[in-house]
Amino acid sequence: MENGKSVIALVGSYRRGGVVDSAVDEILAGAQQQGAHTTKIFLMDLSIAFCTNCRSCTQEAGATRGNCGQKDDMDRILAMIAQADAIVLGSAMNFGTVTAITKRFIERLLPFAYWPWGGAAPQRREKKGRKRAVIVTATAAPAFMARPFSHIVKLLRTAVALLGAKQTYVLFIGLAALHDKPRLSNRVRRKARRLGKKIAA
Ligand SMILES: Cc1cc2nc3c(=O)[nH]c(=O)nc-3n(C[C@H](O)[C@H](O)[C@H](O)COP(=O)(O)O)c2cc1C
């Protein structure tokens, strides 16, 4: 039975059927079990131009997202995210941080900040989010080693906060590069399902 909630997932890993993508599928399956409507988007399938640091999107004060002059898929995707009740954002860890396409997407979230010329640092326009979110990452290293030495969780948290997350859960998958055919452990699968149910509740 549908529960009226919607969950949008953004996959910033390059491999379809990879570790992050599979974990996102489990999260979405959990959300569906709860009755939510789910949508999954691969960032690689979108046209996402680089942020050029023109800062025109940050000059007007107010809670409304600033206008970006780039003509690509960002406006459409951000509108879809705005409609969703919950967000899933996943990226593999590459060279200690998110994948390049994920970083490109995150840099384009600058319109959610007010940062006039002369201002030392950007301020988030909308401080109170209302959405639930799960951030997902996967590393070759064991999670207990990779997590403290990387800012990847902080970065993904910042991204979903800008997108309106109030409450964010973390799925950090270590030892993700041992097999040529990616597979999830039962423990990860169970946690992913549980998180999917939580964000769709
Ligand atoms: C270019 C590249 C850089 C990587 N850098 C790291 C790294 O810094 N730390 C790490 O633990 N694993 C690293 N890995 C391993 C990936 O994180 C691992 O294969 C990934 O989690 C797989 O995710 P996917 O199946 O969703 O693509 C790297 C892999 C590639 C291809």
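**Tour of the predicted model**

Start at Arg55: with 17 C-beta neighbours inside 10 Å, this residue counts as partly exposed (buried means 20 or more other C-beta atoms within 10 Å of its own, exposed 12 or fewer, partly exposed in between, with C-beta atoms placed from the backbone). This is a predicted model: local features need pLDDT of at least 70, side-chain atom pairs count only at pLDDT 80 or more, and totals for chains, interfaces and linings use all residues. Residues are numbered from 1 along each chain as its sequence is written.

Check the backbone of Arg55. Its phi is positive, about 65 degrees, although Arg55 is not a glycine. The loop here runs between strand S2 (37–42) and helix H2 (74–83) (helices are DSSP runs of H or I, at least four residues; strands are runs of E, at least two; both are numbered from the N terminus).

Next, select Leu175. It sits in the loop between strand S7 (165–173) and helix H6 (186–200). Phi is positive again, about 50 degrees, and Leu175 is not a glycine. Leu175 has 17 other C-beta atoms within 10 Å, so it is partly exposed.

Now show the sheet. Five strands form an open sheet, ordered S2-S1-S3-S6-S7, with parallel pairing (two strands pair if DSSP finds at least two bridges between them). S2 and S7 stand at the edges with a single partner strand each, so one side of each has no neighbour in the sheet.

Zoom in on S3 (residues 86–92) and S6 (residues 131–138). Seven bridges join these parallel strands. Which residue in S6 stands opposite Leu89? Select Ile135.
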